[in-house]
Amino acid sequence: MKRYIRLSTMLFSLLLAVIFTSGITYFIVDGYYLGRKQNSSGKAISISNKVNEVISVIDDYFIGSYDTEAVADSAASGMIDGLGDKWSYYMTADEYAQYIQATNNNYSGIGIVIEKNDSGGILIVSVYEISPASKAGVSAGSVIYGVDGTDITDYTLTQAKTIILEGINSGSVELTLLQPDGAERTVKLMPGTVETNPVSYQMLTGNIGLVTVSNFEAKCARQFIDAVDDLITKGAEGLIFDMRVNPGGRLDELLEVLDYLLPEGVLFTYNSKGEKPYSYTSGASCVDLPMAVLVNAETYSAAEFFAAALQEYGWAQIVGEQTTGKGYAQITRVLSDGSAIHISSKEYFTPGGVSLAQTGVTPDKEIILDPQANALLYYGRLSHADDLQLQAALSLVQELFE
């Protein structure tokens with residue numbers, strides 16, 4: 001809503017919520033308050049003085065209309081950007097709501113994964129099991145030829161995504177499909193909760209289990225442990241963990257997975273501002289099988305830490321590319337208007353006391369995929385036969401148990 005009122009009271013109070021919030025910082029995990037810590041800083045006072053000056057200039061000289069909430073969001077975002085830390089960022093209230101869904105491995109949508117079909121239209125590559133599309137009986141392999149009555153046969157993938165999202169954002173989208181059985185069907189879908197599974201697994205040739213982890217958010221640890229247990233029950237003699245294109249996730253999920261795999265010892269150490277270092281340790285039980293971990297440049301945070309921990313324990317061979325390099329953990333601070341700040345609050349170290357911030361994880365066997373293979377990997381379309389990193393990991397694991 002456009003407003004012409006003076007900013008001095010409203011906007012300044014919004015910005016002070018970012019800086020001071022009554023001197024209290026809340027620490028949140030899974031949306032629950034864990035505690036609070038008093039905060040007092042002369043820097044905050046200096047920043048607030050400058051903010052007040054900027055507001056005065058806007059009030060006194062800006063001739064146009066403006067949205068006070070948009071200005072406040074931009075100001076808050078700019079302050080966090082000014083920290084120079086790429087892992088810290090500001091979220092609007094809507095962005096924070098989406099963030100909460102993502103950390104619980106669900107989102108609002110219709111639940112399909114699409115790509116451009118060579119013969120025209122848009123191919124539905126997969127359908128999430130718990131989603132509006134699945135409930136409506138939409139099947140993978142169907143081709144979308146129309147969206148809300150518009151023929152999209154010649155649309156690019158980007159154009160198709162745009163028109164589908166427009167329908168979703170308006171409350172419903174009507175898809176005209178050519179199903180795998182050759183029948184044509186029109187289905188109207190309303191957006192709803194889409195649940196995603198962070199872990200998938202299968203047994204490969206030679207009794208080697210492959211466990212693919214897309215993130216370390218909610219449900220990861222339980223699904224990971226169940227996957228490995230099932231593979232071992234079915235006779236797995238070695239394991240490969242695919243951490244490629246994995247952005248990481250929750251510390252508690254990571255620690256549960258590492259505790260399950262590794263023998264007794266230190267798992268994770270962190271330093272918090274003004275506090276003594278703290279270490280998490282593992283129990284004695286472990287999984288003692290030949291292992292390899294696949295990583296690439298899009299493996300970071302909990303995913304690259306997973307690889308580093310197994311490498312330092314001598315528990316797995318690392319195959320692929322140098323990882324991103326991340327050595328800070330973040331907390332999420334929710335503000336009074338529902339927006340939030342995701343800010344680096346801990347520096348963490350591997351079991352051997354190494355920070356990954358500078359170098360990331362160096363593979364034991366470096367294998368670089370070409371751009372085409374990387375694109376196919378990203379969209380989950382790279383075949384095992386063409387996956388040079390996977391083939392190298394298979395050879396390593398086979399050598400270890402033979």
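**View 1. The whole chain, as a predicted model.** Of the contacts in the protein chain with a separation of 6 or more, 66% join residues 24 or more positions apart. The secondary structure runs to 11 helices and 21 strands. Out of 402 residues, 42% count as buried. The chain exposes about 20,400 Å², and carbon and sulfur atoms supply 51% of that area.

**View 2. How α8 and α9 lie against each other.** Here we've zoomed in on helix α8 (residues 251-261) and helix α9 (residues 302-312), whose axes sit 11 Å apart. They pack at an angle of about 20°. Angles under 35 degrees count as roughly parallel, so that's the label for α8 and α9. The crossing of α8 past α9 is right-handed.

**View 3. Side by side: the residues where α8 meets α9.** From α8 come Leu254, Val257, Leu258 and Leu261. On the α9 side they meet Ala302, Phe305, Phe306, Ala309 and Leu310. Sorted by type, the residues of this contact give 9 nonpolar, no polar and no charged. As for spacing along a helix, an α-helix has 3.6 residues a turn, so residues three or four places apart point the same way.

**View 4. What's buried in α8, and what covers it.** Glu253, Leu254, Leu255, Val257, Leu258, Tyr260 and Leu261 are the buried residues of α8. Their cover includes the helices α7 (220-233) and α9.

Notes:
Residues are numbered from 1 along each chain as its sequence is written. This is a predicted model: local features need pLDDT of at least 70, side-chain atom pairs count only at pLDDT 80 or more; totals for chains, interfaces and linings use all residues. Side-chain values use heavy atoms; hydrogens and water are left out. Axes are lines fitted to C-alpha atoms, for helices over the stretch in contact, and angles run from 0 to 180 degrees between N-to-C directions. Helices (H or I, at least four residues) and strands (E, at least two) are DSSP runs, numbered from the N terminus. Angles under 35 degrees count as roughly parallel, over 145 as roughly antiparallel, 65 to 115 as roughly perpendicular and the rest as oblique. A crossing is left-handed if the near helix is turned anticlockwise from the far one by less than a right angle, and right-handed if clockwise. Contact means heavy atoms within 4.5 Å. Ala, Val, Leu, Ile, Met, Phe, Trp, Tyr, Cys and Pro count as nonpolar, Asp, Glu, Lys and Arg as charged, and the others, Gly among them, as polar. Buried means under 20% relative accessible area, exposed over 50%, partly exposed in between (1.4 Å probe, protein chains only). Accessible areas come from the Shrake-Rupley method with a 1.4 Å probe; for residues, only the protein chains shown count as cover.
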